[in-house]
Structure formats: structure tokens, C-alpha cells
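Tell me if anything looks off on your side.

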Amino acid sequence: MSPKLSPREELIRIQRMLVERYRDDIERTLEDSSGLLKVYQQEHDAEVESYERISGKAELISEVINAGLVYVGDFHSLRASQTTFLKLIRETVRIRPKICLALEAFNASDQHHLDAYLKRRIKFTTLLRRVDFDRTWGFGADVYESILGLARERGLPVVGINHKVGGRHALVKRDEGAARIIARLSSEHPEHIVFVLDGELHVADCHLPSRVRALLASQGIERRRLILYQNPEQIYWLIAERKLEQVADVVRLADYRYALLSSTPLVMYQSYLNWLYDQQELVQGTHPGWTDGDSVDYNSQVHDLVQIIAEFLGITEVALDNFSVYCVSDLDFLESMISEGFNREQIAQIKQQILKRESYFIVGRNIIYLASLSVDHAAEESTHYINARCAGLDQREHSAREDFYQRVMREALGFFGSMVINPKRQFYDIDDFTEMLSTRAEPTEERNRELYRISRYVLLHKEYEREYLAGRRRATKRYSAIWSQPFDIHLGTAHGLGYMLGERMFQSVGWGIIERSEVKRLFFDDFKRRGSAQRAYMDLVARLIDAPSARTF
């Protein structure tokens, strides 16, 4: 019998499971017909399996200023990854001002545009347009504006090292092209530290660094190298198991190799999925050891969203500043909930929500949990908080039917509020649910099987709505099954129906079909009167069924 896990250990176990799911999701989006990407990943992972000891920023900077080549791994969609690189340059240039930068974000063929910017001949926006940054790179440009701005201010040479190559051996060819540029830069500037910001897999010692070393050796040149991996997954789990993730910002792996820890694996992979699906993110923090007093406060960011949504609705009657925000990087979250007095059943539901990658608001406790740093998630849970404060919601138990429709209405309001922040937010509509059922055979994969069952009950409820609006309001046993499903199906069906209604409400406000004041009144309705939540839902469906919408209702 395995030993019982502590709440913290249980949360680490859950997060590791989620990371595996994220990695699977990401791998499905990548083309790797040659298998070379997988080889690169395996070779990278072999270099970050263990560590010697916890280090610190002072030791790292000392190593940096005595190096000739500093390779920094980049996880492109993670803003904290580039921010840490920028902070590292700022720290170094104060002590050793002779620095060169080699950046994967810019193609070597666009060097003349980079030079024009560095010589103050063009603006940064012009540079982005001329290099077609959104298409050729596609990741956030704001940190690069700071990096290049620092280089221009200090007169630091900067080169682009990326190459437009394809084919089975594209990764190797890109490393070869980048190595030639870096070796040339290093030989031309022997007194400078060459900082390289390249993809995490590229900076593994057996890839780009070894190629540069061989090219320099052929010229009789030797440069001391330093490789800085950012947020390697295996190292984070080792650190977290020792309860050191809040204090360890730099870890020495071995001679000339260190790991910088600014984010968790969960946040890192989520950033890629958020980028992939074009979801705006909250501003991410770096590790406290690298913040220099500019630490990120998620509470304040959520507070801003709360104020924007409340102002849109004209809600001024209640105070909206009493809440706590937890996010995926909080490994003490479950322990905090136990100390808050949550019982075993409530903790089990929280674990289930985390596993389902669901953000949620805990009614009665004013606690917001963000399973993702996406603004959509934060805005929706901010709206649930506003709703709870306005209506005085509590955790009182109701019948399955009452609970279902109350949840549907809360989800509708939550989605409405999120669209105040992001009017283009995506969601499953009727066509999506219908498509899921088109194969008729229930999927074998667990996540798709759950969505299949949710789709079945969403469409069954739409059938019930037509009966209800036609005057046949008695719920047969067939329809009653909708609100008596297991928690995950119950929750998913309520989400599906609520999101579709919330989107229709938002579009209808925009078209002047319903007034914002009417939506505001819904925020103050606790729906405790028997059947009131169902009546409110059906009334809105009836009124808005022919209203203009971006989606089919």
C-alpha cells in the first residue's frame, strides 16, 4: 500500500499529470515526420536530469562576466523567458559593458534592418514591419523592444541568427547557420561576451554550443562557454519535491551549466497553448530573485478586470476588492484550502477541477483559482466574483435541477463578463456539439469521451427548450436525466449552455436588443426562488433566439 500523500505532494502529482497532457497536446500540433525534434528533445533532457546544488544570482553573474559565450535557452511563448534574458543583460552590462547579442528572433537575412534600427535610422515599429516579425517569428515583440532598446542605448552589436530553411534536417541546418554567425561574431569581438538567445533545445551543449566550439577551434580560438537552461521541467520537479521552488532561482547543474527558474512547467506549457489559440495572458512574473522590486501581483491584475466589468455594467452598490487569487504555480494551494476549513468532499472537487484544467471561483470564500494565466479565464472568474458579491451567493445545497439552472445562469453571466474584456472569445457552439456526435461511436480517449457525453446532453437540452417554449413544460424522464448526471458531465453541460447564452446576451446588448441594466439586475438575483433560474434562462432563450449573433444559438 503506497503511503498517503500530503496535500502539497498531491498537488505536485496532479500538476505533473497536467504537464504530460499539455505536452501531448503540443506534440500533436508539431510536425516531426523525421523524428529529429524528438531526438533533440531527448538529448536536451539528458543534460538536465539532475543538479549539483542550489546557486544564486551573485554566483551566476560572476560566471557570466568571466565567460566568452553565454547561451540562454528560450521558451518562445513564455514572456518570462525573454524577460529573464533582459534582466541578465542589464545585470552584466553594469560590470562588463562589452557585450554582443545573437538573437534567434531575427533572420540573418534581415540584418540590414536590424542595423538600421541600432543606428537610429528607423523606429522599432518600422523594424517589425520590415522584417515581417509577426509572420517570421510570431511571439511577443514588447520584450524585444526593450532588449534592442538597451542595445541601441549602450552601443551593443546585435545579430540575427535564424535561417529560413525546411526539410527533414531543418533543425541541424539552422544550428549550422547560427553557429557560423556566432563564431564570426566572437572572433570579430574577442573582448566581448557574446550572449545567445536561442530555443531551449538548440542551446543543449551537444547542439549549437558544440558547433560553435568546433568552428572557433578550427581558427585556433577558444572561448569559455556558459549554458543557461531556463525552467527545465525535470529540475523544477526535483526542486519542488524539496519545497525549494520559492527560494531557488538559480541551480548549478554541472561545470559551465546552470538552470534559471522563473516559471513552473505548467505555466510554461500553458503559455504555448495560449499563444497557439491566440489567448491574451496576464502579465507573468519572474522569480523573486530577478524582480528588482517589480514583482507581478495577480490580485491587482484581476482587480483591474473586476473594475472594468463592473463599470461596464454600472455596478457601484457593492465593494469589489475583497478576494484572493491563486494560480497554477501555487503548490501550497490545497494546504491553504484545508486551513480555510474545506472538507474532504470539497477538496476532492477542487482536485477534480484542477485536473480538468478549469479555473473557478469558490462561492462564499471569495477565492479565485486560475488554472491558466489567460485573460479569458481571469475575466470569467472576476465576473463570477462580482456576481457572488452582488447576489450574496452562498454554498447552500439545492436540488439537482435547481443547482443545474443556477449554475447555467452563473456561467452565462461569467461568459458575458469575459466578453466585455475579449469580445472575440471562442467557445463551443451548437455546430461544435453536433460535430462531436457525428461519428455516433463514443470516443475511446477519456477527454473526448467526456466531451461526447456533454455534447449529447447539451443537444438534448436544446430539444427540451423547444418543447418548453412550445408550452409542453413537463420534463419527462428522458429530459430529467440532463440535470442528474455525474459532477463532471453536469458541470460541462452547464458550461456549454451558459456560454452560448452569455455570448448571445453580450451580442444582444451590443445591438440594443436588451439593456445593460437588465443584465445588471441578473447579477443581483440570487435565484433562490424555486424555478426562478430555469424561468430566467428559458425567458432569455425565447427572447434572444432570433437576435443577431456571431454564432448559431
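The points below take helices, then aromatic rings, then a surface patch, then salt bridges.

1. First, a caveat: this is a predicted model, so read the values below as computed from it.

2. Just past its end, Gly-512 has a positive phi of about 75°.

3. Because 6 of its 8 residues are buried, the rest of the structure largely encloses α5. Those buried residues are Gln-111, His-113, Leu-114, Ala-116, Tyr-117 and Leu-118. What do the buried residues of α5 pack against? Their partners are β3 (99-107), α6 (124-131), α8 (142-154) and β4 (158-162).

4. On to the rings. Searching the whole structure turns up 27 aromatic pairs. Take Phe-361 and Tyr-385: the ring centres are 5.9 Å apart and the planes make an angle of 70°, so this pair is edge-to-face. Phe-361 belongs to strand β10 (residues 360-362) and Tyr-385 to helix α16 (residues 375-391), so the pair ties together parts that are 24 residues apart in sequence. Both of these residues are buried.

5. Another pair, Tyr-464 with Tyr-468, has centres 6.1 Å apart and planes at 70°, so it is edge-to-face as well. Both residues lie in helix α19 (residues 446-469), 4 residues apart, which is about one turn of the helix. As a reminder, an α-helix has 3.6 residues a turn, so residues three or four places apart point the same way. Tyr-464 and Tyr-468 are both buried. They also belong to a cluster linked by ring pairs, whose other members are Phe-404, Tyr-405, Tyr-479, Trp-483 and Tyr-537.

6. Tyr-277 is found in the loop between α12 (265-276) and α13 (298-313). Is Tyr-277 buried or exposed? Its relative accessibility is 56%, so Tyr-277 counts as exposed.

7. Now the charges. There are 26 salt bridges in the structure. One of them joins the side chains of Arg-252 and Glu-52, at 2.7 Å from N to O. That pair links distant parts of the chain: Arg-252 is in strand β7 (residues 250-254), while Glu-52 is in the loop between α2 (36-46) and β1 (53-54), 200 residues apart. Arg-252 counts as buried because its relative accessibility is 14%, whereas Glu-52 is partly exposed at 48%.

8. Lys-57 and Glu-91 also meet through their side chains in a salt bridge, 3.5 Å from N to O. This one links helix α3 (residues 57-65), which holds Lys-57, to helix α4 (residues 79-93), which holds Glu-91, across 34 residues. Both Lys-57 and Glu-91 are buried. Salt bridges with shared partners join Lys-57, Glu-91 and Arg-94 into one network.

9. Last one: Asp-525 forms a salt bridge with Arg-529, with 3.4 Å between the closest N and O atoms. Arg-529 is partly exposed, its relative accessible area being 49%.

Technical notes
Residues numbered from 1 in each chain as written. Predicted model: local features only at pLDDT ≥ 70, side-chain atom pairs only at ≥ 80, totals over all residues. Heavy atoms only, no water. Helix = DSSP H or I, 4+ residues; strand = E, 2+ residues; numbered from the N terminus. Buried < 20%, exposed > 50% of the residue type's maximum accessible area, 1.4 Å probe, protein only. Contact = heavy atoms within 4.5 Å. Phe/Tyr/Trp six-rings, centres within 6.5 Å; stacked < 30°, edge-to-face > 60°. Salt bridge = Lys/Arg side-chain N within 4 Å of Asp/Glu carboxyl O.
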